[in-house]
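Thanks for coming. I have one structure to go through today, so please look at it while I talk.

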Amino acid sequence: MQRKSMEFRNTATGLGVWLSAAAIDMILNTAAHAGRRETGGILIGRYDAEGWMAEIVEATSKPRGSRSGWWWFKRGTTGLRELLAARWAEGYHYLGEWHYHPGGSPAPSGTDIASMREISADPVYQCSEPILAIIGGRPNGQWGLSVSVVRRDTLVSLSHT
C-alpha cells in the first residue's frame with residue numbers, strides 16, 4: 001500500500017522536514033523485513049533555498065555490511081559512496097539517518113543522540129545539521145515516526161503537521 005508523504009515542523013526554530021511517500025515506504029518495508037531486529041539506512045534529499053525545509057526524497061534500505069541486534073544497529077557503508085555520487089549529480093545529497101525501534105517508541109535514545117552529534121561534527125559526512133528519523137512500533141500494524149535535527153549540538157524535535 002502506497003502511503004502519503006509526511007511533513008514535520010518545529011515552530012520555535014522554523015525547521016521543517018518533508019518525507020516523500022517513497023521514502024516512507026522504503027523505511028516501513030525495510031523495518032518489516034527486519035522483524036524483531038533493529039535496522040536502518042540513510043536519508044537523501046535537498047534543502048530549500050533558505051535552508052529551513054529539508055526535502056527527503058529517498059531512504060535507503062539497510063546497506064550491506066550493516067550489523068544489528070534486538071536493541072542496536074550499526075549501519076554499514078558498502079555501496080553508499082557510489083549511490084551518493086550518483087544522487088549528487090542529480091542535485092541531492094546525504095541528509096541524515098533513519099532506523100527502526102522494533103515494537104518500541106520512535107523516540108531517540110541517548111545512543112541515537114550521541115551518534116547524530118558525532119555525524120554533525122565529522123567532516124567526512126559534510127552534514128553539520130543531520131536529520132534523524134526513527135520508526136517505532138510495528139511497520140505492518142501500528143507504528144509511529146519521529147523526526148529530529150541536530151542543530152548547534154542540540155537535538156531539535158519536529159512534530160508531524
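Val-17 touches Met-6, Glu-7, Phe-8, Met-53, Ala-54, Ile-56, Ile-131, Val-147, Val-149 and Leu-158, leaving aside residues up to four places away in sequence. Keep in mind that this is a predicted model.

Where does Val-17 belong? It is among the residues with the most contacts inside the largest nonpolar core, which has 25 residues. Leu-19, Leu-43, Ile-56, Trp-98, Ile-131 and Ile-135 are also on that list. In soluble globular proteins, nonpolar side chains tend to be buried together. Helix α1, residues 21-34, is one of the elements that give two or more residues to this core, and the largest share, five residues, comes from α1. Another core, of twelve residues, lies apart from it and includes Ile-42, Leu-80, Tyr-92 and Val-150.

Now the sheet. Eight strands close into a barrel, in the order β1-β2-β4-β3-β7-β8-β9-β10, with mixed pairing. On average, neighbouring strands are turned by 30° against each other, direction ignored.

Take one pair. β3, residues 40-47, and β4, residues 53-59, are antiparallel and share five bridges. In this pair, Gly-45 stands opposite Ile-56 of β4. Helix α3, residues 110-121, packs on the sheet and touches β7, β8, β9 and β10. Its direction makes about 170° with that of β7.

Most residues other than glycine have a negative phi. Gln-126 is not a glycine, yet has a positive phi of about 50°. Is Gln-126 buried or exposed? Exposed, because its relative accessibility is 68%, and the cut-off is over 50%.

How values were computed
Residues are numbered from 1 along each chain as its sequence is written. This is a predicted model: local features need pLDDT of at least 70, side-chain atom pairs count only at pLDDT 80 or more; totals for chains, interfaces and linings use all residues. Side-chain values use heavy atoms; hydrogens and water are left out. Two strands pair if DSSP finds at least two bridges between them. Helices (H or I, at least four residues) and strands (E, at least two) are DSSP runs, numbered from the N terminus. Axes are lines fitted to C-alpha atoms, for helices over the stretch in contact, and angles run from 0 to 180 degrees between N-to-C directions. Contact means heavy atoms within 4.5 Å. Buried means under 20% relative accessible area, exposed over 50%, partly exposed in between (1.4 Å probe, protein chains only). A nonpolar core is a set of buried Ala, Val, Leu, Ile, Met, Phe, Trp, Tyr and Cys residues joined through side-chain atoms within 4.5 Å.
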